[in-house]
Structure formats: structure tokens, C-alpha cells
Amino acid sequence: MCGIVGYIGRNEAVPVLLDGLRRLEYRGYDSAGIATLGNGRIDVRKKTGRIANLAELIAQSPIAGHAGISHTRWATHGGISDENAHPHSDRSGRLFLCHNGVIENYASLREQLVREGHEFQGQTDTEVLTHLVGKHYDEAGGAPGSARLVTALREALRHVVGTYGIILMHADAPDVIVGARRGSPLVIGIGKGENFFASDVSAVVAHTQQAVYLKDFDIAVLGADDFEITSLLGGASGYEVTKVEFSADDVSKGDFPHYMLKEIFEQPETIRDATRGRLSHEEATAKLGGLGMTPEELRNIDRIILTGCGTAAHAAMCGEYIIEALAHIPVEVEFASEFRYRQLPLPKNTLVFCISQSGETADTLAALRESRRKGLRTLGICNNVASTIARESDGGCYMHAGPEIGVAATKSFTSQVTILTLIALLLGRMRHLSTTEGMRIIGEIEALPDKVRRILEQTDHIRRIAEKYAKSQAMMFLGRQFNYPVAMEGALKMKEISYIHASGHPSAELKHGIIALITPELPTVVIAPEDSVFEKNLSNIEEVRARKGPIIAIGTEGHEEALRRVADDLITIPACPDYLSPILTSIPLQLLAYHTAVALGCDVDKPRNLAKSVTVE
């Protein structure tokens, strides 16, 4: 949630900061602000709405300086207003701060500061934090400047309960900007004669591909030519300079009208990248060295827990079916937000996978830490090799899907399901799958990219179906077995970007209550590939049809005849084994949601009330 960009160097800060904010706008777009430091003073501009509103304000009332901090907000504490936009200042007006995260004890801190005479302009926890740092700066001894500012920040943060990724600057310290992190990502971009802060490296990849990902409790001081990282508790903090794996072109839309559509069409490549170097024809199995587990340790697994949030949780549900089918190991899926609050029996031979595209999802990170606290082997599946989940887990698998900018997850879902399939193959070959069966599975996995391309060729057909039903007030999604989680994911995509109320259910649950919702005005999407429950799904379609409910069916090429008789509209996928069908059936639903949102004039990449990375509870 929210985006942070900071700059110090020899160039004007405003163009760099605005460009970075635009690249991070998917993280929050309720309001935005910039503060620049020049000629011994700090100027600030803040505006509700999109980055374009802020850019227009600055064009009308310019600010200048070679150092600056900026923020694009997704509101948590306090309403959406210019006053609540970041950066916030302390009461001196010489210190400004941007913050991602939540200060849980801000109310008691605010009461204390009010008693001491502080006055607040807005309602945010960030303004309270800014005043707290300013208070300790005023009280600190020594000469004005960066050392005093770091001392004040360190003292203020000792009183804070919660999460933060913050950057700040003070007019008394014109040669530095300062940042700190606990629980909310913050990265340093290392340039030549310039340095950067950002909450996501995509904001600065146009300027540098050298990055340092801060750890919890790090405090960093950036100058134009150098930087220093220390610990909140004092002393130096070790760090590693990382080369960013993608370029500025990778975070552009290219010729596509939206990031979401670009990312949907990238899936043949991202699925292939998820399997690259991980399939062994010689041994008819998957090679996943990143798990960091010996064959004996993997064979001793009695139970697997998959945990994640949102789309990652739906991928985990697909993984449950796939692993149980191929490896015959009991699997349980837990929402990460519930995992650490449950009294969950955790036998010692339980293996936990934490799934997160960003690797920074707050609830999933908390689940990871709880699992490790209980002594369980805990692995990550994420898309960011330098993320907190990647660093704190005992091992795992990287998705290698490249940056996903669209708020609605698409390619990350299919990459996660692909990796879970590789895990199922690896574990299955260690237990009961024959070499012949392993080779057959590998062949089917390697065929996926071309099959996905064939589905993408139907985009115009799916667009016409979307336009037909775009004015619906609600939609229902049904699927069974491997495709029940896909029904839930399809409903989530429709809700996220078109704002149509949608729900996903197991097909067989239709007659157990939800059939009451069927009307001629409620389209039902039924995922009915040619599989072991096809006839059962066909029967459910008949039940909807008997009540005059419109039917959109997802079926298998070569087996359309039965579905054409009962469905109003049909989208086909290439034939595949049951356990791979979620990868293929999810893609028509992504396109259906996308084209519906476009038909309704919705902002596909920046849906209301949503942000890409949920880094707060």
C-alpha cells in the first residue's frame, strides 16, 4: 500500500519524483505529494486524486531543489484530503516525512503530543510520527544537521508500535535524506552522483539497476555520492548491493492499453519462465534446488500447509488439489490473515509454503514468522528475489514472472499454480509416480505456453461476450474439483476491476441454497472442461437453464457439442489433464473481467479502493 520515492543528487528532484510516483501509482492513488529542499527551505505541494493532479498543481506553482521526498497514498488513517496527504511536517515546518505502514499506538502518542502543545492539521498516524521525530530533534543536543536528525529518528522510533517504511528530510540537513524500515518495504537505488529511496525498485529502475533492500530496523542516510546504513539499536547494519533483474521497459505498458492486458498476454512466457531449468527429462521429475531440502527431508513430509492472501490463496487452493492428486500428501490451505491467530495443530513433519507475488504481503509475512517460530520448515513462493519473504524463509521458489503492475493479479496466479505443479511432480516422483508418468506430466507442462497462446487468440470473442453481459448487476461463477478455486478467482477478478458483485462456488453446491439467486438477469459462468466431473457440471448447467439463467461456459476444444446445446455463450480451452486445467481455465476469466471493465469505462489498472501490495494488516 502507498508508494514512496526519494531523491538526492545533482538534477532537479521534481521530474525524478513525479516519474517515480507514476510508476508506483498502482500502490495508491487517493492523493499524492512532493516536498523539495533548496536554498535552505522546504517547499511542499499536495493534492488529492491521481498523480496527474499533483503534476498540474506543480506546473501552476513550481517548486525546485536537488533533494526531495514524495508519496502516493492509499488511505488508512484519516480521510482522503489535501491535509491528510503526505509529506507531513512537524510543528517547526522544517522537517517533512512520508510513511507507509500503520502506527498502531498513534492515538496515545497524539494525546501526549497535544498535551505538550502540538497542533495537528489532519487525522493521520503519519503526522503524529512526524511531530514525534520533530520533538526529539528539538530536544536533541548537538549541532543541527544529519547526525542530530538520525538521533531524533532513532529515539522516536523506539516509542512506536507498528510498521513503517519512512523517508524524511530536514532543512537543517540539506545534504541528506533519511529512511527507515520496519515491516514495510524500502529500497535504496544507487546511482552516479545521485541516490534514491523507493518503496518498490520499479520506481527508480529507469535511473539505476543497483539496489540495496533495507532490512527491518535499518536506518539509512543518503547523500548524493554515498550512503550509510545503521541499525535502530545502534551500530552498522550489513547490506548487499543487488542487481535489478528487470529494466524500465519491463514496467511500461508497451503497445497495450493497460498493464493488466499486457500481463495477461505475457503468460505464455511467464509460465515457461516458471519452469525454465526446473524440469529434468533424465530423471522425469522437477528440480527445485531453492527448496534447500534433501530428498530424505522431502520424503519425510507428512503434511503441507499452503498460505496466502487473495489471488495467492486461490492459487494455494489449486495447489491443494494438485499436490494431493500427484503426490498423495495431505494439504491444507490457510488464509494468511488467519494462520497466526488459530490454534492449528502443527506436527513436526509439516512443511509450510507462504505464497506472495510481492514477497512483502503483511499477513503472509506474519504467517511465515509464526510458522518459523513454531519450528516448522517454511518456504516461500514469491516474485521478488530480494523481498522480505524471500530473505526470511528457509528456502523456496522464485516465480521469475517479471514486474506485475496491474492491481488485479493475472500472470502471478498462473505462475504460482505452475510452481505448485512442479512441487507436486517432485514430491510425487519421490513417492509413487513412475518414470513414464513423470515424463507424461513434464510433456503436458511444457505444452502449456502454446495452449495459453491459443486461448489468447480468442480475446475478441471474449470481448463480445463481456460486452453482452457488462450491464449485469451480479454474476455467479461455478466450478468443481481443480476448478472450484478458479471459480473463486474468476469472481474476484470480476469484482476487483468491474465492480460487479460476483461470487464463486463449487458447482455441486448450486442446489444447496445459491440456486435461489438464479434469474434471467444473473449470468452464470460455469467452468466445465472435459474431465471426471464434466457430466455433473452439465447437469448443473441444466438446472440454471431451467430457471432461465444465462450461461457462459468454459469448455474443452473438441468436446463443445454438449455445451453448445445448453450454454448461451462458450469459450474453449485446449485439452489438458485435470491437474493443469486451472492454468488454462483461469485465462478466459481474466479476459472476461478485463473486457467487462473496459466496456463499463472502469480504470482497469487502478480499481477504486485497491492497491497492489497489501503491506499493512
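A salt bridge is here a side-chain nitrogen of Lys or Arg within 4 Å of a carboxyl oxygen of Asp or Glu. The structure is a predicted model, in which local features need pLDDT of at least 70 and side-chain atom pairs count only at pLDDT 80 or more, while totals for chains, interfaces and linings use all residues. Residues are numbered from 1 along each chain as its sequence is written, and side-chain values use heavy atoms, with hydrogens and water left out.

**Exercise 1. Compare the placement of the salt bridges Arg 303 with Glu 332 and Asp 43 with Arg 41.**

Step 1. The side chains of Arg 303 and Glu 332 meet at 2.3 Å, N to O, and this pair links distant parts of the chain, with Arg 303 in strand S17 (residues 303–308) and Glu 332 in strand S18 (residues 331–335), 29 residues apart.

Step 2. Arg 303 is buried, its relative accessible area being 17%, whereas Glu 332, with 23%, is partly exposed.

Step 3. For Asp 43 and Arg 41 the N to O distance of the salt bridge is 2.4 Å; Asp 43 counts as buried at 16% relative accessibility, while Arg 41 counts as partly exposed at 48%.

Step 4. The count of salt bridges under this rule comes to 36.

**Exercise 2. Determine which residues of helix H14 are buried, and what covers them.**

Step 1. Helix H14 (residues 435–446) has twelve residues and reaches 16 Å from its first C-alpha to its last, close to the 16 Å expected at 1.5 Å a residue, the expected span being 1.5 Å times one less than the number of residues.

Step 2. Its buried residues are Gly 438, Ile 441, Ile 442 and Ile 445. Seen down the axis of H14, these residues fall within an arc of 100°, so they line one face of the helix; the arc is that of the directions from the helix axis to the C-beta atoms.

Step 3. Among the elements that cover the buried residues of H14 are helix H9 (311–327), helix H13 (411–431) and strand S15 (279–280), contact meaning heavy atoms within 4.5 Å.

**Exercise 3. Describe the chain as a whole from its secondary structure and its burial.**

Step 1. The secondary structure comes to 20 helices and 26 strands. The radius of gyration is 26 Å, close to the 25 Å that the globule rule gives for 617 residues, so the chain is as compact as a globular protein of that length; the radius is taken over C-alpha atoms, and the rule is 2.2 Å times the number of residues to the power 0.38.

Step 2. Of the 617 residues, 63% count as buried.

How values were computed: Helix = DSSP H or I, 4+ residues; strand = E, 2+ residues; numbered from the N terminus. Buried < 20%, exposed > 50% of the residue type's maximum accessible area, 1.4 Å probe, protein only.
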